[in-house]
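Let us walk through this structure in steps. We start with charged pairs, then turn to helix packing.

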Amino acid sequence: MEVWKRNLLVLWFGVFFTSASFSMVIPFLPIFLPQIGVEHHIEMWSGLLFSAAFFAGAIASPFWGRIADKYGRKPTIIRAGSFLFIIYTLSAFVTNPYQLLALRIAQGLLTGFIPGAIALIGTNTPGKKVGYALSMISTASASGGIVGPLLGGILAEWVGNRMAFASAGIIVLISTVLIILFVKEENFKPSKEPGSVKKDLKTARLNTPFMMVLVLTVVTSTSIMTIEPILPLYIVELGSSSDKAAMLAGFVFALPGIASAIFAPFWGKWADKAGFHRVLVIGLLGGGVGTLSQIVFSNIVGFSIARFAFGIFFCAVFPALNGLIVKFTQEDFRGRAFSLNQTATQVGGMIGPIAGGLIGGIFPAQTVFALTGILLLGAGGLAYRRANAFKPVIKRHALQGK
């Protein structure tokens with residue numbers, strides 16, 4: 001088997017397991033908090049614990065990106081997986097929310113498994129296969145996000161929430177061992193340029209196409225997370241009062257992820273032929289229309305169909321953005337580029353829930369869907385304009401890649 005194919009296969013499983021480990025514990029934080037002494041303000045603590053890792057990660061990602069460019073992406077993935085194993089395992093033994101908060105901050109500061117995997121795939125895959133490979137990694141992340149809550153719920157029911165945390169740690173450990181044994185980083189040229197995170201930010205600012213990708217990443221991540229706070233309650237409202245409302249909400253919640261697992265490889269193959277810009281524009285515009293269409297339906301069946309259709313198009317967006325990073329950045333800067341993109345993702349992850357919660361608390365839930373859809377359509381329009389503006393840049397990078 002060719003090295004890049006083996007890398008893709010192993011990293012697919014690694015990202016799948018890591019994504020599953022994250023999603024199998026985070027949704028159950030509100031249930032776990034009373035067990036460690038939180039009797040009041042559970043919602044506040046849940047929000048704080050959820051956002052703490054995003055905030056810390058946004059600060060630390062550029063630093064780890066520089067380390068990855070200096071020492072390699074594989075060591076970075078191994079480091080991140082090892083720390084995740086330790087953090088999840090320690091989480092099983094916390095006795096108060098402050099200890100859990102400290103571990104969540106540490107998780108943001110010390111990890112970065114999935115961004116490292118994306119960077120390694122982006123630099124160790126033949127140019128004509130990069131789109132397909134990045135889409136497969138996106139599929140792994142989406143599939144893990146679907147399986148995780150189900151697995152976490154089963155484990156929490158059988159062995160308790162503490163053991164669910166410990167199990168997540170073991171799953172990440174398995175992923176890390178797979179990386180150590182089977183992933184080979186061939187195309188690595190260590191960055192010999194002395195510098196700092198401040199200098200990296202200046203370099204990024206001077207790369208106009210790359211900055212466009214970062215802006216689109218913030219907008220896209222914000223749009224996803226804006227709906228998150230109100231979506232479960234809205235689904236339950238559409239489904240009417242039912243004794244299986246939670247299960248119904250979980251199923252509808254997962255539909256975009258299911259669509260991503262099915263259709264992301266198609267978008268990846270097409271991106272390799274038609275270009276990442278074209279796929280990005282279609283994904284953003286389709287995602288915008290799909291979001292707006294969810295307002296039309298007042299019943300759970302129609303809403304579910306609209307959610308699935310949204311997922312078909314939206315799953316093209318992040319792999320296309322990652323592909324553009326490969327096109328727009330030099331190889332010795334790529335680890336830092338993906339880490340800066342991770343920072344952009346986490347900034348959106350912090351802004352979105354706050355904005356969605358505030359808007360949803362004042363206006364009807366449909367307003368949040370409408371604003372999110374308009375935001376995605378605006379991002380699609382921006383991507384279309386920039387696609388035409390930077391065609392010469394794309395051609396130059398394509399020639400360099402050959």
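A salt bridge here is a side-chain nitrogen of Lys or Arg within 4 Å of a carboxyl oxygen of Asp or Glu. The model is predicted. By that cut-off, Asp200 pairs with Arg336, with 3.0 Å between the closest N and O atoms. Asp200 sits in helix H9 and Arg336 in helix H16, so this pair joins parts of the chain 136 residues apart in sequence.

Both residues have further partners. Asp200 also meets Arg66 in a salt bridge, at 2.6 Å from N to O. That pair links helix H9 (residues 197-206) to helix H3 (residues 42-71), across 134 residues. Arg336 also bridges to Asp69, again with closest N and O atoms 2.6 Å apart. Arg336 belongs to H16 (residues 334-362) and Asp69 to H3, so parts 267 residues apart in sequence are tied together.

Where do Arg66, Asp69, Arg73, Asp200 and Arg336 belong? They are linked in a network of salt bridges. The whole structure holds five salt bridges. Asp69 is buried at 0% relative accessibility. Asp200 is buried at 3%, and Arg336 is buried at 3%. Arg66 is buried at 15%.

Now the helix packing. The axes of H1 (residues 3-23) and H8 (residues 161-182) come within 8 Å and cross at roughly 165 degrees. The two helices are therefore roughly antiparallel. Their crossing is left-handed. The contact residues comprise ten nonpolar, five polar and one charged. Among them are Phe13 and Phe17 in H1 and Ile171 and Phe182 in H8.

Last, a glycine. Gly311 lies in helix H14 (residues 300-314). Gly311 is buried, at 2% relative accessible area. Beyond its sequence neighbours up to four places away, Gly311 touches Pro256, Ala259 and Ser260.

Terms used: Residues are numbered from 1 along each chain as its sequence is written. This is a predicted model: local features need pLDDT of at least 70, side-chain atom pairs count only at pLDDT 80 or more; totals for chains, interfaces and linings use all residues. Side-chain values use heavy atoms; hydrogens and water are left out. Axes are lines fitted to C-alpha atoms, for helices over the stretch in contact, and angles run from 0 to 180 degrees between N-to-C directions. Helices (H or I, at least four residues) and strands (E, at least two) are DSSP runs, numbered from the N terminus. Angles under 35 degrees count as roughly parallel, over 145 as roughly antiparallel, 65 to 115 as roughly perpendicular and the rest as oblique. A crossing is left-handed if the near helix is turned anticlockwise from the far one by less than a right angle, and right-handed if clockwise. Contact means heavy atoms within 4.5 Å. Ala, Val, Leu, Ile, Met, Phe, Trp, Tyr, Cys and Pro count as nonpolar, Asp, Glu, Lys and Arg as charged, and the others, Gly among them, as polar. Buried means under 20% relative accessible area, exposed over 50%, partly exposed in between (1.4 Å probe, protein chains only).
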